[in-house]
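Subject: Structure handover

Hello,

Here is the structure I promised to pass on to you.

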Amino acid sequence: TYYVDGPGGIEHCPYTTTFTLDWIPPGGTGPLQPATFINNEIIEHGVTEEYLSKYENTGLRIPRYIDAQPYDDILIFLLLNEESNPFEANYTYTLTTVQDPLLVTMPSILFRQLPNGPRFIRYGLRDRAGNQQTNYSGPTPVYINLKPSPSGLKPPQVPAYKFDSPTHRA
């Protein structure tokens, strides 16, 4: 039982109520495993203009982590290099279910923020109580190649080479 000091004075409540104080972030204290891309095209060719025109969203598979709960936030960081320190999340995805596999869908257009070349993605975890994992995931490499492919080119013309000398064969 407990007592409540309210506007009508101190009131006694005979019901038992349980409160849970959650101070532990999801994922425990160990390092988080890197995410993997769901689409093989991004693994093989990277992010290209063709990829962005074909796919509105990009899927990431997040490895199972300790104490995964619905409404955990997956914080996605797009980084210039492997040593970059994640500061502000580029995208936040809230899990509605924690069934395997854990899939995160993010807008593909976010990759336009990165310059061309090899880049990295990391993720972090935060539960709905606001506890955020201090460790970030290992890096997931992604190659950004947003130079448009050449178009409107004429077919190459190779003039024939005139050779009138006899051919000597050994």
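Arg64 and Asp100 form a salt bridge, and their closest N and O atoms are 3.7 Å apart. This pair links distant parts of the chain, 36 residues apart: Arg64 sits in the loop between strand 5 (57-62) and strand 6 (73-79), while Asp100 sits in the loop between strand 7 (91-94) and strand 8 (102-107). Arg64 is partly exposed, at 45% relative accessibility, and Asp100 is exposed, with a relative accessible area of 55%. Please keep in mind that this is a predicted model.

In total, the structure holds four salt bridges. Another one joins Lys54 to Glu41, with 3.1 Å between the closest N and O atoms. Here too the pair links distant parts of the chain, as Lys54 belongs to helix 2 (residues 49-54) and Glu41 to helix 1 (residues 40-45), 13 residues apart. Lys54 has a relative accessible area of 53%, so the residue counts as exposed. Glu41, in contrast, is buried at 18% relative accessibility, because the cut-off for buried is under 20%.

One more pair to look at is Arg126 with Asp73, a salt bridge whose closest N and O atoms are 3.1 Å apart. Arg126 is partly exposed at 25% relative accessibility, whereas Asp73 is buried, its relative accessible area being 13%.

Technical notes. Residues numbered from 1 in each chain as written. Predicted model: local features only at pLDDT ≥ 70, side-chain atom pairs only at ≥ 80, totals over all residues. Heavy atoms only, no water. Salt bridge = Lys/Arg side-chain N within 4 Å of Asp/Glu carboxyl O. Helix = DSSP H or I, 4+ residues; strand = E, 2+ residues; numbered from the N terminus. Buried < 20%, exposed > 50% of the residue type's maximum accessible area, 1.4 Å probe, protein only.
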